[in-house]
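Work through the exercises below with the sequence and the model at hand. Each task is followed by a solution in steps.

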Amino acid sequence: MTGDTISDLLQPLIGRSGMISLLVSRIGQVGFVTAESKKLTGVEVRPDGLLRLERETGWTVIDPAEIVAVAWNDGDGLE
């Protein structure tokens with residue numbers, strides 16, 4: 001998957017609560033909760049092609065080439 005594709009999928013989730021899951025090749029599912037104090041605040045494709053996800057509590061950088069699926073759940077039933 002490309003950084004632009006993942007960015008397009010995640011942009012509408014900025015500021016929303018729920019659970020974002022990424023299926024990473026050779027690793028499996030990686031997920032993070034975007035709760036009230038940990039909402040996604042930004043998604044950026046960096047010049048080197050990596051994807052930076054920012055939350056109120058920190059950030060992470062991922063290689064979009066390793067992502068094979070993206071899923072989101074609005075959080076109903078997660079608590």
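This is a predicted model: local features need pLDDT of at least 70, side-chain atom pairs count only at pLDDT 80 or more; totals for chains, interfaces and linings use all residues.

Residues are numbered from 1 along each chain as its sequence is written, and side-chain values use heavy atoms, with hydrogens and water left out.

**Exercise 1. List the helices and strands of the protein chain in order, and check the chain against the globule rule.**

Step 1. Helices (H or I, at least four residues) and strands (E, at least two) are DSSP runs, numbered from the N terminus. The protein chain has one helix and six strands.

Step 2. Read from the N terminus, the order is α-β-β-β-β-β-β. The radius of gyration of the protein chain is 12 Å, close to the 12 Å that the globule rule gives for 79 residues, so the chain is as compact as a globular protein of that length. The radius is taken over C-alpha atoms, and the rule is 2.2 Å times the number of residues to the power 0.38.

Step 3. Along the principal axes, the C-alpha atoms fill a box of roughly 35 × 25 × 20 Å.

**Exercise 2. State what share of the residues in the protein chain is buried.**

Step 1. Buried means under 20% relative accessible area, exposed over 50%, and partly exposed in between (1.4 Å probe, protein chains only).

Step 2. Of the 79 residues, 29% are buried.

**Exercise 3. Find the salt bridges in the whole structure.**

Step 1. Apply the criterion: a side-chain nitrogen of Lys or Arg within 4 Å of a carboxyl oxygen of Asp or Glu. The search finds three salt bridges.

Step 2. Arginine 26 pairs with glutamate 66, with the closest N and O atoms 3.3 Å apart. Arginine 26 lies in the loop between β1 (18–24) and β2 (28–34) and glutamate 66 in the loop between β5 (58–62) and β6 (67–73), so the pair ties together parts that are 40 residues apart in sequence. Arginine 26 is exposed at 76% relative accessible area, whereas glutamate 66 is partly exposed at 23%.

Step 3. Aspartate 48 forms a salt bridge with arginine 46, the closest N and O atoms being 2.4 Å apart. Aspartate 48 is partly exposed at 47%, and arginine 46 is partly exposed at 27%.

Step 4. Arginine 52 bridges to glutamate 54, with 3.2 Å between the closest N and O atoms. Arginine 52 is partly exposed at 23%; glutamate 54 is partly exposed at 30%.
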